[in-house]
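Colleague: I would like to go through this model with you, one question at a time. Please keep the answers plain.

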Amino acid sequence: MEKKIKSLLDRMTLEEKAGQLQQCGPSIVGAFDVDFEELVNMAYDGRISGEEFQRLMSTAEQDYHESELRAGRIGSYNGISDAKIVNRLQKIAVEETRLGIPLLFGYDVLHGYRTVTPIPLGESCAWDPDLWERTARMSAEEAGAGGIHMTFAPMVDVSKDARWGRISEGAGEDAYLNAKYGVAKVKGFQGSSLKEPDTMIACVKHFAGYGAVESGRDYNRVDLSPQKLYEEYLPPYEACVRAGARAVMPAFNDLDGVPCTINQWLLRKVLREDWQFDGMTISDANAIAECVEHGIAADRRDAAAKALLAGVDMDMTSDCYSQHVVHLVEEGILPEEVLDQAVGNILRIKMELGLFEHPFRTDEEKEKKTILKPEFRATARKAAEESMVLLENSGILPLRTECRIALSGELAGIRSEMSGTWAIKCSGEDCVSIADACAQRRIEYETYTEEEIIRCDSVEELFQGYDVILAAVGEKKNQSGEAASRTDLALAPIQKKMLERLAKSGRPVVAVIFNGRPLAIPELKGQAQAILEAWHPGVEAGNAILNILFGTVNPSGKLTTTFPHAVGECPVYYDHIRTGRPAGRSKFTSKYLDVPSEPVYPFGYGLSYTAYTYSDLEIAERKESVTVSVKVKNVGDVDGMEIVQCYFHDPVALRVRPVKKLIDFVKTPLSAGEEKRVVFEIPKEKLGYYDPQMRFVVEAGEYEFFVGGNSSDCLVCRTNLCGLSN
Ligand code: GLC
């Protein structure tokens, strides 16, 4: 392959090389004299009405820049997902450009293409790498049929701050869980051979540390000590790269003052030298141009030079490379071998996909028969069922089949809100709401809006004929995701008012929460007899929710983020340090005056319709590993799946260590009454950390191991271990 790349490079002009670096988004043009982005901003800030925006959009059409393409100035497209259009553009590339180099089509397929599965933060609560891989495999088959070659996923930005809307796109606050999640996704997306048309390149993002934006405000600065970066934020990206991800996307943010997009240390030293990455990198949208805004580049030409020297191969939808790279090389500012390296990385990916031999990987017939295949829906339903977390249950759940239900709150009936963020291809009509699911099951139900409940004279009268009230509360899908930071994690006032009234209705209330982030909902446990955390569950939302509420499925999901009492606690997370004054009863300890020290719901927490007990925690040391084993028993009368979690703590070290760190987990079936021994083989490497001089050490000495069904209540065992010599 390297020979082929070399011979192709030798035939390419500078213009053609620069063309390969350009990813073009379809620009929407129409009967408006501003560019599309400006039109969106005008609608967003009210300069034009929603109706006016829709009218203008009805005149809009996509401009695919075919003339640029014919001239060899486009190497890739973003945001096109239609077999017919993809093939039309690919035909131009391979037949009408001088060298016939095929195009690469990229798209954001984070949690399904048309068959949308739960948002990543939701699916992470399944703690199930097989499931994570299966849903990624399914989305690759479906997106591949739509003409996609690369997905801008998995996103594995560890995030401990629920104010950040993009916490919805990853696997929560723990590095180990994000790593397991990301690796499963890379395998699912890329399959066994990228030459297969039902596979797509995994593009790991956002490299690096985007989840640590200051104050949870999107695009804000990221300042991390080397230890924190290496111990808490880099592991998931590294795991994905070592699992074979073929693309990486640098993050918008700076890292300690140097924007990732032009960060040579990050993109060349860490990614390519240390981690031996030989795939391609692609900037985030317009991120190269935005280096001027960062104040790290004097102008777009400077930004182009800095980004290419840093190791960003492809320019996503800014035009810095296409405008400046040729001149930069001609003027000797940019060595041509740096350009050749970037072009070579891109050509390598196109060759790995087999696009030179088979540029057309799909067609309209195939697209039509693959999209929304029934078996995809079944997988989406299973993923939604495994992602939901039962937070409270007085015993009201599971519901009796013949019960009469009052559906309260608009989210019980709005299909389009079920898809969550980044579900670009999903149309609302693909989704099943709770109301739809009730109707399909011929359940006797009625729906009530928040206003109706708040304004009614008597809630007792209004609901006297019902056995249970299902209150659907939480966020709409646009309240999380990109550019959706919030300073308040409470339920909307209208939802709080509705719940206050429902609590006085004299009828049992079951709350179902739709959200893209942890919410501050301490009051809910006093208002509802049961609470089901549903996240934004995707196309099978209503069916999965009713399967759990009626007990067809025994809930097994567990939280991968900490639920705070109030936004003021953020960032809040389970693997915190102890401090010299751990939170306690005396005044002078590390805590808040106005909220309890324990979270409302801790990392790893989730209830079941059965119960599990843990006993006989045993530790056995080997030379290079530690064996941790425990007995788990299902003491209820319902079969279930238990997520057994193993944590450790290093009580005395050269730097203060987290009170607990997740080191392994397993999701295991346990039938009613069954007891089994669960064994974790822990390589001692996993006990290590970076000392104050950034040396990775695995010290001899005392360690604590914790095993349990969540991060708060665990069996614990202290033991002495020999370390590992460096
Ligand atoms: C966005 C996001 C990135 C996404 C890209 C393409 O701004 O930051 O995650 O993949 O643009 O849509």
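Colleague: In what order do the strands of the open sheet of 8 strands run?

Modeller: This is a predicted model, in which local features need pLDDT of at least 70, side-chain atom pairs count only at pLDDT 80 or more, and totals for chains, interfaces and linings use all residues. Residues are numbered from 1 along each chain as its sequence is written, and side-chain values use heavy atoms, with hydrogens and water left out. Strands are DSSP runs (E, at least two residues), numbered from the N terminus, and two of them pair if DSSP finds at least two bridges between them. The pairing is parallel, and the order is S11-S8-S7-S6-S5-S4-S1-S12.

Colleague: Which are the edge strands?

Modeller: An edge strand pairs on one side only. That holds for S11 (280–281) and S12 (315–316).

Colleague: Which residue of S12 stands opposite Gln23?

Modeller: Strand S1 covers residues 22–24 and pairs with S12 in the parallel sense over 2 bridges. Opposite Gln23 stands Met316.

Colleague: How many residues surround the ligand?

Modeller: A residue counts as near if one of its heavy atoms lies within 4 Å of the molecule. The closest are Asp108, Arg166, Lys205, His206 and Asp284, and the number surrounding the ligand is 13.

Colleague: How far is an oxygen atom of the ligand from an N or O atom in the side chain of His206?

Modeller: A polar contact is a pair of N or O atoms within 3.5 Å. For a polar side-chain atom of Arg166 the distance to a ligand oxygen is 2.8 Å, and for one of Asp284 it is 2.7 Å. For His206 it is 2.6 Å.

Note on methods
A polar contact is a pair of N or O atoms within 3.5 Å; within protein, one must be able to donate a hydrogen and the other to accept it, and residues adjacent in sequence count only if both atoms are side-chain atoms. Helices (H or I, at least four residues) and strands (E, at least two) are DSSP runs, numbered from the N terminus.
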